[in-house]
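Visitor: I'm new to reading protein structures. Could you walk me through one, a feature at a time?

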Amino acid sequence: AHGGGFLHHRGTYYWYGEIKSGQTYLPASNAEWGGTRVDLAGVSCYSSRDLLNWEYRGNMLSALNSSDDSDHDLYYKNVAERPKVVYNSQTGKFVMWL
C-alpha cells in the first residue's frame with residue numbers, strides 16, 4: 001500500500017495505497033533526474049481492528065492496461081498519487097479520489 005492513507009470507520013481501520021508491482025525502470029522522461037518508477041497495478045486495501053494485525057481486502061480500483069486507455073487517468077503507465085478515501089454518511093458509500 002505505497003503512499004497509503006488511513007480511514008477509521010465503525011471500529012475498523014482501513015489502509016489504502018497504490019499497488020506497485022513489476023520491474024523498476026527509468027522512463028526516458030525521468031532520465032535527467034534519475035526518477036525510477038514501477039507501473040501502477042491499482043489501489044489496495046487492508047483492514048485492521050487493532051493496528052497490529054492487517055488483512056488484505058483486495059484491489060479496490062484496478063489500473064487499465066489496454067492501449068485504448070492510454071489517455072485515461074488510470075492507465076497503468078500513469079501515477080496514482082496517494083489515494084484518499086472517506087465515508088459519506090448521507091449515501092452510505094465510501095468515496096475514493098486520487
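Guide: Let's go through strands, core, salt bridges and surface in turn. This is a predicted model: local features need pLDDT of at least 70, side-chain atom pairs count only at pLDDT 80 or more, and totals for chains, interfaces and linings use all residues. Residues are numbered from 1 along each chain as its sequence is written, and side-chain values use heavy atoms, with hydrogens and water left out.

Visitor: Let's start with strands. Which strands does β3 pair with, and in what sense?

Guide: A strand is a DSSP run of E, at least two residues, numbered from the N terminus. Two strands pair if DSSP finds at least two bridges between them. Here, β3 (residues 40-48) pairs with β2 (residues 12-20) in the antiparallel sense over eight bridges. Six bridges join β3 to β4 (residues 55-62), and those two run antiparallel as well. To find your way around, look for W15 opposite Y46 in β3, and for S44 opposite N59 in β4.

Visitor: Is β3 mostly covered or mostly open?

Guide: For that you need the word buried: under 20% relative accessible area, with exposed meaning over 50% and partly exposed in between (1.4 Å probe, protein chains only). In β3, seven of the nine residues are buried, so the strand is mostly covered.

Visitor: And which residues make up the largest nonpolar core?

Guide: In soluble globular proteins, nonpolar side chains tend to be buried together. A nonpolar core is a set of buried Ala, Val, Leu, Ile, Met, Phe, Trp, Tyr and Cys residues joined through side-chain atoms within 4.5 Å. The largest one here has six residues: L7, Y14, Y16, V43, C45 and V85. The elements giving two or more residues to this core are β2 and β3. Take Y16: leaving aside neighbours within four places in sequence, its contacts (heavy atoms within 4.5 Å) include L7, V43, C45, V85 and M96.

Visitor: How many salt bridges are there?

Guide: Look for a side-chain nitrogen of Lys or Arg within 4 Å of a carboxyl oxygen of Asp or Glu. The structure holds four. One of them joins K20 and E18, with the closest N and O atoms 3.2 Å apart. K20 is partly exposed at 33% relative accessible area, whereas E18 is buried at 3%. Another pairs R57 with E55 (4.0 Å, N to O); R57 is partly exposed at 46%, and E55 is partly exposed at 47%.

Visitor: Which residues are linked in a network of salt bridges?

Guide: That would be R37, D39 and K77. Between D39 and R37, the closest N and O atoms are 3.9 Å apart. D39 is buried at 16% relative accessible area, and R37 counts as buried at 14%.

Visitor: Last one: where is V86 found?

Guide: V86 is found in β5 (residues 84-88) and is partly exposed, with a relative accessible area of 37%. β5 pairs with β6 (residues 93-97) in the antiparallel sense over five bridges, and V85 stands opposite M96 in β6. Their hairpin has four residues between the strands, and G92 takes a positive phi near 75° there.
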